[in-house]
Amino acid sequence: MHLSSSVPSEQVADLMRQHYNTLFDYGLKLTNHDEDLTKDCIQDVFVAFWNHRAEWGQIQSVKAYLLIALRNRITDAQRANRRFVPLLTFPDADESETVLAFSMPEEPALDGGTSAQHLKRAFESLSRRQREAVYLRYYNEMSYTDVAAVMGVKERTVYNLVHEGLQQLRQQLTPARWIMLAGLMAGLLFFLKIFV
């Protein structure tokens, strides 16, 4: 959808409803599952989005724009509450203490839970940046360009993070589980392209 300041408010409301769940899921990961802070920040993002409608014609990707705005708003809120952990530093040694807690979305287990648990453990063994890049790229179906904009890094960095993350997953998983993971990602992308 190409946005202009003359878009009816009903269409803007539909657009916001369309992106709310994506923003909420991403916000929870940025706030360590603080639902109230996430909801407040999403509301602030939508208000700011509406107030800056004169600039809508310059937006290339609404989804990326909203995710970037949410990330910035959460950072501001964390700073104001003195709970800020810099999002641009990614020390692997202390990841357990970081704000970003990207993990595999909960999916029903296909074989009594063991495969899902192995996949989740393998995914959580990735660095925080790799998890975020894979999450945005595959779970949120974002282009590498949009992922780079959201993460505040160069597009080449996103390619590297995703590639390294997938390589690490491939090394940790048995061939059958790797095929299952690849099938889940491909199936999710196919399902969302066809049915959504």
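# Helix packing in a predicted model

From the N terminus on, the elements of the protein run α-α-α-α-α-α-α-α. The model is a predicted one.

Student: How many helices and strands are there in the protein?
Tutor: The protein has 8 helices and 0 strands.

Student: And what share of the residues is buried?
Tutor: Buried residues account for 40% of the 196 residues in the protein.

Student: What about contacts between residues at least 6 apart in sequence, how many of them join residues at least 24 apart?
Tutor: Among those contacts, 66% join residues at least 24 apart.

Student: Ok, helix 1. Where does it bend?
Tutor: Helix 1 covers residues 9-30, and the bend is at His 19, by about 40°. His 19 is also one of the buried residues of helix 1.

Student: Which other residues of helix 1 are buried?
Tutor: Besides His 19, the buried residues are Val 12, Leu 15, Met 16, Thr 22, Leu 23, Phe 24, Tyr 26, Gly 27, Leu 28, Lys 29 and Leu 30.

Student: What covers them?
Tutor: The cover includes helix 2 (35-51), helix 3 (62-80), helix 5 (128-139) and helix 6 (144-151).

Student: Take Leu 15. Why does it count as buried?
Tutor: Leu 15 counts as buried because its relative accessibility is 7%, and the cut-off for buried is under 20%.

Student: How far is Leu 15 from Lys 63, in sequence and in space?
Tutor: Leu 15 and Lys 63 are 48 residues apart in sequence, while their C-alpha atoms are 9.6 Å apart in space.

Student: What follows helix 1?
Tutor: Asn 32 follows helix 1, and its phi is positive, near 55°. Asn 32 is not a glycine. Its place is in the loop between helix 1 and helix 2.

Student: Which positive phi does His 33 have?
Tutor: The phi of His 33 is about 70°, and His 33 is not a glycine either. His 33 lies in the loop between helix 1 and helix 2.

Student: Why do they count as partly exposed? Asn 32 to start with.
Tutor: Asn 32 counts as partly exposed because its relative accessibility is 47%. His 33 has a relative accessibility of 46%, so His 33 counts as partly exposed too.

Student: Changing topic. What describes two packed helices?
Tutor: Two packed helices are described by the angle between their axes and the distance between the axes.

Student: What are those values for helix 2 and helix 3?
Tutor: Helix 2 and helix 3 pack at about 125°, and their axes are 9 Å apart. They are therefore oblique to each other. Their crossing is right-handed.

Student: Which residues meet there?
Tutor: From helix 2, Leu 37, Cys 41, Ile 42, Asp 44, Val 45, Phe 46 and Phe 49 take part. They meet Val 62, Tyr 65, Leu 66, Ala 69, Leu 70, Arg 73, Ile 74, Ala 77 and Gln 78 in helix 3. By class, this contact of helix 2 with helix 3 has 13 nonpolar, 1 polar and 2 charged residues.

Student: And helix 3 with helix 6, at what angle do their axes cross?
Tutor: The axes of helix 3 and helix 6 cross at roughly 15° and come within 8 Å. That angle is under 35 degrees, so helix 3 and helix 6 are roughly parallel to each other. Helix 3 passes helix 6 in a right-handed crossing.

Student: Which residues make that contact?
Tutor: In helix 3 they are Ala 64, Leu 67, Ile 68 and Arg 71, and these meet Asp 146, Ala 149, Val 150 and Met 151 in helix 6. The contact of helix 3 with helix 6 has 6 nonpolar, no polar and 2 charged residues.

Student: How far apart are Ala 149 and Ala 64?
Tutor: In space they are 7.1 Å apart, C-alpha to C-alpha, and in sequence 85 residues apart. Ala 149 is partly exposed, with a relative accessible area of 39%.

Student: Last pair, helix 5 and helix 6. How do their axes cross?
Tutor: They cross at roughly 135°, and the axes come within 9 Å. Helix 5 and helix 6 are therefore oblique to each other. The crossing of helix 5 with helix 6 is right-handed.

Student: Which residues of helix 5 meet helix 6?
Tutor: Arg 129, Glu 132, Ala 133, Leu 136, Arg 137 and Tyr 138 in helix 5 do, against Tyr 144, Val 147, Val 150 and Met 151 in helix 6. By class, the contact of helix 5 with helix 6 has 7 nonpolar, no polar and 3 charged residues.

Conventions
Residues numbered from 1 in each chain as written. Predicted model: local features only at pLDDT ≥ 70, side-chain atom pairs only at ≥ 80, totals over all residues. Heavy atoms only, no water. Bend = angle between axes of the 7 residues up to and from the residue. Helix = DSSP H or I, 4+ residues; strand = E, 2+ residues; numbered from the N terminus. Buried < 20%, exposed > 50% of the residue type's maximum accessible area, 1.4 Å probe, protein only. Contact = heavy atoms within 4.5 Å. Axes fitted to C-alpha atoms, helices over the stretch in contact; angles between N-to-C directions. Parallel < 35°, antiparallel > 145°, perpendicular 65-115°, else oblique. Left-handed = near helix turned anticlockwise from the far one by under 90°. Nonpolar A, V, L, I, M, F, W, Y, C, P; charged D, E, K, R; others polar.
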